[in-house]
Amino acid sequence: EVDIKKELEKLKLMGCTKVEVEEVQDIILNNRKEDGVQGENTLWKMTQAITAMSRDKNEERKRDLQELVGTMLPQPEKAAELFTN
């Protein structure tokens, strides 16, 4: 689990606009199944909220946000270590 407030603050430092951060927060608070954000406040839920928010952006911004999401998740070899140890 993660502290969503802290993660939202990090998004600002990672290049998200204030409006984008507010949109991500609203998606998380709405907790809608179709956005893929139900359940505990995890990093996965956070990245799903960013992905949901990016759906209404232009193609360039959508790519930028997808790259940002990619930096938030552990690399496959690191993730494998988390589950095998």
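A crossing of two helices is right-handed if the near helix is turned clockwise from the far one by less than a right angle, and left-handed if the turn is anticlockwise. Keep that in mind for the views below, which come from a predicted model.

View 1. Before zooming in, take a moment with the overall layout. The chain holds five helices and zero strands. Read from the N terminus on, its elements run α-α-α-α-α. Of the 85 residues, 31% count as buried. Contacts between residues 24 or more positions apart make up 51% of those in the chain with a separation of 6 or more.

View 2. Which residues of α1 (residues 4–13) are buried? They are Ile4, Glu7, Leu8 and Leu11. The arc that they cover around the axis is only 100 degrees, so they sit on the same side of α1. A helix of this kind has 3.6 residues a turn, so residues three or four places apart point the same way. Now look at the other side of α1, where Lys5, Lys6 and Leu13 are exposed. The cover over the buried residues of α1 includes α2, α3 and α4 (59–72).

**View 3. Helix α1 packs against helix α3.** Two packed helices are described by the angle between their axes and the distance between the axes. Here, the angle between α1 and α3 is about 45 degrees, and their axes are 11 Å apart. That angle makes α1 oblique to α3. This is where the opening definition comes in: α1 passes α3 in a right-handed crossing. On the α1 side, the contact is made by Ile4, Glu7, Leu8 and Leu11, and on the α3 side by Leu43, Met46 and Ile50. Sorted by class, the contact of α1 with α3 has six nonpolar residues, no polar ones and one charged residue.

View 4. Is Glu7 buried or exposed? Its relative accessible area is 11%, which is under the 20% cut-off, so Glu7 counts as buried. Leaving aside neighbours within four places in sequence, Glu7 is in contact with Val2, Leu43, Met46 and Met72. Pick out Leu43 from that group: Glu7 and Leu43 are 36 residues apart in sequence, with their C-alpha atoms 8.5 Å apart in space.

View 5. With a relative accessible area of 0%, Leu11 is buried. What does Leu11 touch, not counting residues up to four places away in sequence? Its contacts are Cys16, Val21, Val24, Met46, Ile50, Leu68 and Met72.

**View 6. Helix α2 crosses helix α3.** How do α2 (residues 18–30) and α3 (residues 43–54) pack? Their angle is about 120 degrees, and their axes are 9 Å apart. The two helices are therefore oblique to each other. As for handedness, α2 passes α3 in a right-handed crossing. From α2, the contact draws on Glu20, Glu23, Val24, Ile27 and Ile28; from α3, it draws on Lys45, Met46, Ala49, Ile50, Ala52 and Met53. Sort the residues of this contact and you get eight nonpolar, no polar and three charged.

**View 7. Ser54 is a buried residue of α3.** Ser54 has its place in helix α3. Its relative accessibility is 3%, so Ser54 counts as buried. Which residues does Ser54 contact, once its neighbours within four places in sequence are left aside? They are Lys62 and Leu65.

**View 8. Asn31 lies in the loop between α2 and α3.** For the last stop, leave the helices and look at the loop that holds Asn31. If you check backbone angles, you will find that phi of Asn31 is near 55 degrees, a positive value in a residue other than glycine. With a relative accessible area of 30%, Asn31 is partly exposed.

Conventions: Residues are numbered from 1 along each chain as its sequence is written. This is a predicted model: local features need pLDDT of at least 70, side-chain atom pairs count only at pLDDT 80 or more; totals for chains, interfaces and linings use all residues. Side-chain values use heavy atoms; hydrogens and water are left out. Axes are lines fitted to C-alpha atoms, for helices over the stretch in contact, and angles run from 0 to 180 degrees between N-to-C directions. Helices (H or I, at least four residues) and strands (E, at least two) are DSSP runs, numbered from the N terminus. Angles under 35 degrees count as roughly parallel, over 145 as roughly antiparallel, 65 to 115 as roughly perpendicular and the rest as oblique. Contact means heavy atoms within 4.5 Å. Ala, Val, Leu, Ile, Met, Phe, Trp, Tyr, Cys and Pro count as nonpolar, Asp, Glu, Lys and Arg as charged, and the others, Gly among them, as polar. Buried means under 20% relative accessible area, exposed over 50%, partly exposed in between (1.4 Å probe, protein chains only). The arc is that of the directions from the helix axis to the C-beta atoms.
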